[in-house]
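Thank you all for coming; please have the sequence and the model open while I talk.

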Amino acid sequence: MRSPTLCLGAVLVGTILFVAAFAPWLSTYSPDAMDMSNRLAPPSGEHVLGTDNFGRDLWIRMAYGARISLAVSLSSVSIAVLLGGTVGLVSGYFRGTVDAVLMRIVDLFLGFPPFILAMALVAALGSGALSVTVALAAVFWTESARLVRGITLSEVERDYVAAARAAGARHFRIMTRHLLPRAAGPVSILATLSIGTAIVAEAGLSFLGFGIEPPTPTWGWTLAYGVRYLRTDMWLATVPGLAILWTVLGFNLLGDGLRDRLDPRGLARR
Amino acid sequence: MTRYALLRLWLVVPTLAGVLLFVFALLELVPGDPAVVFLGENATPEAVASLREELGLDRPLPVRLFDYGWDVLRGDLGQSIFQREPVLDIVLRRLPATLELAFASFLLAVLSGVALGTMAALWRGSFLDVAASAVAQLGVSMPVFWLGILLMAWLSVDWGWLPAVGRGEPLVSALTSGDIRALTDALAHLVLPTVTLAIHHAAVISRLVRASMLTTLHEEYVVAAHARGLTLSHVTAAHALSNAILPVLSVLGVRFGALLGGAVLTESIFGWPGLGQLAVTAISERDLPLVQGVVLIFALMFILVNLLVDLAHASLDPRIRFATLKAHA
């Protein structure tokens, strides 16, 4: 049976991926072209979502914003999954001192409220896409590490691992060929759900002015700017908010749908 | 329970040491010379040299780390670069506002999440269940800052029902003074930030409670309680909910951490004069000693609440005590 959650999630994520991929071809306007005679124009046939306080077309800025948002969240979650997965695999496979040391490092990162950790890192590293990506990866890697470690710890006791060892397989081969595939399902669910969280976090950092700096058209910054026009031009804060909600909802539904299908035991439940 | 409590307390020590090490390392992560970065390119060489000395950058790294740890233990979090005041004083001034907002939201999130989740599970498949699930899914995906802005736009700007920004009298002093006007004012200011901050977590908790309740409701002891002729409300409260709540309790610590992050955004939207707003100012000014102080206090709050949640969880569920003691035997 097709899951409605999975389908709706796929549609929402699919549209936003499409918009991000084809942003330059979706409008005749440029995201940076100002038109001061046409500031804060409401949505119309000319400007589908209206214009911002510099008369820039909001639709094309949102489309380019999708690129930034997805690039930052996808790359930070990828780094987090690679790093966390490796740490978790090594930790769960070798156990003992290696596990103890690696898990203390994980605990160190878990000592901070996640968004505060990201803010602190951006404060030290400075703003910009690279800092934000690193900061978010630093927040998310611990979850994959703990998930993969837990799965590895239980799988490593199973007979097929002993059999592989008896057949002469080396550590690296057992980890990559036998154990890693067992973790793939739960990890992909966790990653999908993390992308949603990463998008909100990136937008939150930009909203506070710590993320990627203007004039880059981020959703968070546009939203922060929209607050100044709350009394008169409500849509300026509404449009980027809807864009974030659409995307996050999409990834969350996709993650939930994947979980129902791939992980009925709920290993990746958060 | 005492043995568990002592062990759990002892486990806080390495976490605290790690947090301290990380907060110290923030200054090392700054690319280039931190003194130049903080004061700007146009700063005089004398000012830069003086700040380098103040930050201790002229001393070797291990000495600085040791000094930093020792200073923090004595309650000295350093000087703010721009406010020329001890960081601890600034932070302690802002702490009560954040505690008020965070605990009010946490309470609201837990109570409404448990209530919604329980009702959704009891009337599974009903309109209420479907509606609650949809609202929860939206609540989970809604960015806290956008929700805050929408609520502010409708309830304050358009309809003028509630104050848009600021904090009234501190709630505790309004409560103890018995001044009704101060109390209404304090509550009126508290409503929007609290609701904004709570909704995401209420949604997460309601989903967990619903799932956990659905499992519990089919357990044999619940079925047996029904068979003995006990009323639905009695069975729910005394048998099902008290067991369904345990898995929820285990995530409350993590929830509180996420809530503190949301508090930063909520405070800056509603001009709530707490630690979050202070963090935002400190980061924009690149006042790193102040950033370090705020981050340290946030981490301490988080660790403390995690400790309390774990203790509560263990006192309600002996399995947790035994598992933890066994793991560290």
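This is a predicted model: local features need pLDDT of at least 70, side-chain atom pairs count only at pLDDT 80 or more; totals for chains, interfaces and linings use all residues.

Residues are numbered from 1 along each chain as its sequence is written, chains are lettered from A and ligands numbered from 1 in the order in which they are written, and side-chain values use heavy atoms, with hydrogens and water left out.

Chain A has nine helices and zero strands, where helices (H or I, at least four residues) and strands (E, at least two) are DSSP runs numbered from the N terminus. The C-alpha atoms of chain A fill a box of roughly 75 × 50 × 30 Å along the principal axes. Chain B, in turn, has 14 helices and zero strands, and its C-alpha trace spans about 85 × 60 × 40 Å along its principal axes.

Now to the place where the chains meet. Contact, meaning heavy atoms within 4.5 Å, takes in 43 residues from chain B and 40 residues from chain A. The size of an interface is often given as the accessible area lost when the parts come together. Here the buried area, which is the accessible area (1.4 Å probe) that two parts lose on being put together, summed over both, is about 3,600 Å², and carbon and sulfur atoms give 82% of it. On the side of chain B, F22(B), F145(B) and W146(B) lose the most area to chain A, together 18% of what that side buries.

How many salt bridges are there between chain B and chain A? The count is one, taking a salt bridge as a side-chain nitrogen of Lys or Arg within 4 Å of a carboxyl oxygen of Asp or Glu, whereas over all chains the count comes to 15. The pair joins two chains, because D256(A) lies in helix α9 (residues 235-262) of chain A and R207(B) lies in helix α9 of chain B. Between the side chains of R207(B) and D256(A), the N to O distance is 3.0 Å.

Which elements of chain B give two or more residues to the side that touches chain A? They are α1 (2-29), α6 (127-141), α7, α11 (232-270), α12 (275-284) and α13 (288-316) of chain B, and α11(B) gives the most, with eight residues. By class, that side of chain B divides into 33 nonpolar, eight polar and two charged residues; Ala, Val, Leu, Ile, Met, Phe, Trp, Tyr, Cys and Pro count as nonpolar, Asp, Glu, Lys and Arg as charged, and the others, Gly among them, as polar.

Let me close inside chain B, with helix α9 (residues 180-217) and two of its partners. The axes of α9(B) and helix α7 (residues 144-158) of chain B come within 9 Å and cross at roughly 145°; axes are lines fitted to C-alpha atoms, for helices over the stretch in contact, and angles run from 0 to 180 degrees between N-to-C directions. Among the residues that meet there are L147(B) and L151(B) in α7(B), and L192(B) and V195(B) in α9(B). This contact has nine nonpolar, three polar and no charged residues. Helix α5 (residues 87-122) of chain B packs on α9(B) at an angle of about 35°, with the axes 5 Å apart, and that contact has 21 nonpolar, eight polar and two charged residues.
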